[in-house]
Amino acid sequence: MGRRDLVLLTDHSSIEGSREVMATAVRTVTGGAPVLLDARHFMTAGADLPPGTGRIEAGGAGGVRLEADGHVVTTDTVVVYEIPPHRRRAFAHCQRLLRAHGVRSLGADARAWRAATEKDVTVACFTRDGIPHMPTITLSGPSPEAAAEAFERLGGDVWARPCVGMGGDDVFHVTTRAQLAAAARHYADYGADWLIARDARNFTADGRRHQYRVVVLGGRVVRAVEHVQPDPDAPCNESRGAACIMLHIDELPSGLGELAVAAAKSLGLPLAGVDLAAESGGVVFEVNVHPAFGRRGLEQVAVPYVAAHLAP
C-alpha cells in the first residue's frame, strides 16, 4: 500500500454508525476507499482485545507504519472517529504516537479530547477562559449531606451527569432530595464521579425544552440544529425523544455561533459538537469530540472534516 493511502481509525465495536458515514466521506473526497483499522488494537487497556496488539512506528518520508490484525499500511493521513468516551484514555497513547510521527490527523490531541470527555475538566477550562456555563459542582463519592448541600447551593433544580458519559440513560433532572439520592446511588453503582449543574430554564413559549447543537470545524460553524424536547425532565437529545430541526447557520440566536467557536477553542478541539442554549444569557452545556452526523451530516460535517486533513 502506498504512503498516500488514508487510514480511518475507529472502534469497530461501536454501533453508533459514524464509521460508515466517514468512510463514504473519504471516498467522496479522495475517490478511493480508506484503509479501515480497529482502534482497539492500539489501546492500552479495556478494549475487549489484548492491549497493544497494534503497532505504530515511523514509516519514512514523513509517514507512519500501522500494523493491526494482519493489516500493514504506511500512510501520512489518519482520520480518527467514533472512539467511545470510556475508552479515550486508553487510546491516548496512540494519539501521542501519531502526533510524534507528524501524521496528518485532527484527532491526535489527547489533551483536548480529555478536556471535552471529562466534564469536570471541561468546566475548569470554561472557568479559566470565561466561557459562559451554568454553575456546576463536581461530586466524588459524596456523603448524603455533602450532596444535599451542593444541591441546595445550586437552587434545588439541577441536572446530574457523570464526569465521563456512560450511555444515554445517565443524565437526570433533579428537583427533590429523593431524586438526588437516586442519582447518587446510580453513579455509585458504576464507581463514577459526577456533577450537578443549575437548570438553565431553556424553555420555549409553550413549555418545551430546547437547545442547540452547533458543530464547529476549524474555527467556523458548519452545522446548526435545534432540539426540542416535550418532556421537561428528559435530556434534550434525539435518543430521548427530542425533535431535531435543521437550521441555517444564520438562524441561530445572536451570539451562539461565536460562543460555540469559543467553547471549542477553549478545549483545543478542531472539530466539536457544542450543546448550548440562548437562555440564562447564553450558556454552553457540553462539547462533544465526535458529534453524531444525523441528516445532512455527510455533506455538512464528514466531508469537510476529511477534506481538512488533506488541505495544504
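A: Two strands pair if DSSP finds at least two bridges between them. Helices (H or I, at least four residues) and strands (E, at least two) are DSSP runs, numbered from the N terminus. This is a predicted model, in which local features need pLDDT of at least 70, side-chain atom pairs count only at pLDDT 80 or more, and totals for chains, interfaces and linings use all residues. Residues are numbered from 1 along each chain as its sequence is written, and side-chain values use heavy atoms, with hydrogens and water left out.

Q: In what order do the three strands of the open sheet lie?
A: Strands of a sheet pair through backbone hydrogen bonds, either parallel or antiparallel. Here the order is S3-S4-S5, with antiparallel pairing. S3 (55–60) and S5 (71–75) are the edge strands, each pairing on one side only.

Q: How many bridges join S4 to S5?
A: Five bridges join S4 (residues 63–68) to S5. Alanine 68 stands opposite histidine 71 of S5.

Q: Which way do S1 and S2 run, parallel or antiparallel?
A: S1 (residues 7–10) and S2 (residues 35–38) run parallel and are joined by four bridges. Valine 7 has valine 35 in S2 as its bridge partner. Between S1 and S2 the chain passes through helix H1 (residues 18–30), and this β-α-β crossover is right-handed: with the strands pointing away from the viewer, the path from the first strand over the helix to the second runs clockwise.
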